[in-house]
Amino acid sequence: MTDLTRSTAAQLAARIADGTVSAVEVTQAHLARIDAVDEKVHAFLHVDREGALAQAGAVDEKRARGEKLGPLAGVPLALKDIFTTEGVPTTVGSRILDGWVPPYDATVTRRLKEAGIVILGKTNMDEFAMGSSTENSAFGPTGNPWDLTRIPGGSGGGSAASLASYQAPLAIGTDTGGSIRQPAAVTGTVGVKPTYGGVSRYGMVAFSSSLDQGGPCARTILDAALLHEVIAGHDPLDSTSIDAPVPPVVEAARNGSVAGLRVGVLREFRGEGYQAGVLQRFEESVDLLRELGAEVVELSCPSFDSALAAYYLIAPSECSSNLARFDAMRYGLRMGDDGTRSAEEVTSLTREAGFGPEVKRRIMLGTYALSSGYYDAYYGSAQKARTLVTRDFERAFAQVDVVVAPTTPTTAFPIGERADDPMAMYRADLCTIPVNLAGNTALSLPCGLAPEDGLPVGLQIIAPALADDRLYRVGAAVEAAFEARWGHPILEEAPAL
Amino acid sequence: MPGITREEVAHLARLARLELTDEELDHFAGQLDDIIGAVARVADVATEDVPPTSHPLPLTNVMRPDEVRPGLTARQALSGAPAQEQQRFKVPQILGEE
């Protein structure tokens with residue numbers, strides 16, 4: 001392995017800017033790494049070799065002309081296959097979009113390109129981002145680089161696995177109920193769910209519009225912050241995009257500190273369903289925060305007990321509506337159009353052939369929850385539970401600056417273990433969902449390996465809406481303290497592929 | 001709250017335009033019954049005095065200037081069409097034969 005693929009994004013950008021390495025060399029090194037290991041990992045659905053080398057070449061030319069480069073210019077990135085990319089296939093992990101080549105770029109895609117970031121390809125994901133294991137991809141599962149027989153989390157398992165296997169130093173994910181944070185936790189990487197509305201959803205295929213949020217994935221807090229700054233900010237093409245300045249995330253990541261910080265620990269995130277080793281690493285993280293000068297306050301958010309149930313009504317309801325657009329008429333798959341069938345029959349046959357089991361389950365669940373007679377009892381009640389979750393967070397943040405929690409109840413489970421047990425799969429999102437319901441912001445970073453299985457555990461840091469910089473300030477301090485204790489980043493303990 | 005029957009699942013599938021097989025109906029009916037049983041608990045906390053939240057941001061009627069901007073060309077818009085004719089999306093019949 002060359003050291004280029006082991007470098008952080010910040011290091012690569014600095015070397016490209018000072019000319020000690022070219023962007024093309026950096027891209028070639030990562031493409032070679034993909035060739036060497038992705039047959040085993042299956043992080044990518046599509047590698048855009050020519051496009052990546054062309055983007056890298058453009059950065060090198062720009063530098064040769066003496067033009068100023070952006071802070072991540074020339075650094076390669078793995079893009080979740082939920083963002084449209086002009087001229088490059090976008091499948092959302094679904095047969096229904098197999099072969100579709102979008103005619104336009106998502107805002108996130110456009111901002112990455114404008115920043116000179118090199119898009120290596122599109123990463124695997126649970127179909128339409130519905131899942132917690134990447135097993136729901138129509139194109140086969142992704143392996144966790146720590147143990148290829150285990151899940152890399154989901155839905156953004158491909159993005160997280162690409163980072164953990166050194167195929168890319170940066171990635172983009174989307175987080176509707178934990179799809180950035182949970183994969184980060186189980187792969188020993190960093191993932192951030194920005195404040196709802198902080199990153200444009202234009203060109204990001206919709207799953208649950210009031211919850212979906214794109215965000216950065218990386219191996220270090222600083223790299224995540226640098227990427228956050230590139231993709232965040234108001235976008236007139238997304239009416240739910242926040243028209244406010246991007247919080248100073250990079251400055252925060254460069255100045256990690258928790259001195260004088262009030263940190264909340266929730267009673268709700270422990271007990272039944274939590275792995276002992278996960279709770280042990282979490283308690284050690286809380287001790288570390290105390291040692292670093294934070295004041296730890298025990299809190300309770302009783303409504304979180306109904307957050308999972310509320311989420312699995314709200315998200316399916318919104319998805320059943322959003323996915324109605326896949327009707328086989330304007331783009332994507334069309335089945336059974338033999339001249340004898342009606343448009344409606346063709347639509348039904350296409351959706352049957354094009355959607356996988358989890359997507360069908362959620363569409364039917366949402367259709368049920370929204371149907372007359374059940375609307376108040378299910379969708380209406382879930383919306384009220386959402387209010388209670390938001391209020392509990394408001395009460396918590398009146399007392400503390402950030403809340404910390406385990407990111408996931410367990411470490412990575414074996415591929416196949418929960419594949420046909422939807423409720424067991426849904427519980428993987430237990431600790432991440434409340435943040436999406438309230439629309440605030442959270443980050444996951446590695447806090448050690450569980451003693452019983454040697455697999456990574458994630459520490460989740462949660463902040464109020466628009467206080468994304470707080471996550472990075474705390475995350476940078478915790479990361480530095482842990483790495484000083486371990487003597488190296490946790491990923492160096494992952495077995496060689 | 002009542003559970004969900006196989007007949008109800010078949011009805012939902014029709015509403016959602018999913019041409020499910022018999023095996024799928026059998027499989028999904030049990031799973032959806034389990035899921036609905038587990039999520040029905042939200043009704044316990046949803047008391048009269050709690051207002052619903054539909055969205056995390058208090059936004060209404062976000063407008064942009066009504067200006068002509070470049071958009072997709074017909075060729076781009078039709079680039080993913082399963083079938084097309086005369087610069088239009090070609091679709092199966094939508095009305096029954098007379």
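**Exercises on a two-chain model**

The contact between the chains draws on 46 residues from chain B and 55 residues from chain A, where two residues are in contact if their C-beta atoms, placed from the backbone, lie within 7 Å. This is a predicted model, in which local features need pLDDT of at least 70, side-chain atom pairs count only at pLDDT 80 or more, and totals for chains, interfaces and linings use all residues. Residues are numbered from 1 along each chain as its sequence is written, while chains are lettered from A and ligands numbered from 1 in the order in which they are written.

**Exercise 1.** Find which element gives the most to the side of chain B that touches chain A.

*Solution.* Begin with the elements that give two or more residues to this side, namely α1 (6–15), α2 (22–39), α3 (42–45) and α4 (74–77) of chain B; helices (H or I, at least four residues) and strands (E, at least two) are DSSP runs, numbered from the N terminus. Of these, α2(B) gives the most, with 7 residues.

**Exercise 2.** Describe how α11(A) and α14(A) cross.

*Solution.* First, the axes of α11 (residues 307–322) and α14 (residues 376–399) of chain A come within 9 Å and cross at roughly 125 degrees; axes are lines fitted to C-alpha atoms, for helices over the stretch in contact, and angles run from 0 to 180 degrees between N-to-C directions. Next, that angle makes α11(A) oblique to α14(A), since angles under 35 degrees count as roughly parallel, over 145 as roughly antiparallel, 65 to 115 as roughly perpendicular and the rest as oblique. Finally, among the residues that meet are L313(A) in α11(A) and A382(A) in α14(A).

**Exercise 3.** State how β2(A) and β4(A) pair.

*Solution.* Strands β2 (residues 76–80) and β4 (residues 170–174) of chain A pair in the parallel sense over 3 bridges, pairing being assigned if DSSP finds at least two bridges between two strands. Within β4(A), I172(A) is the bridge partner of L79(A).
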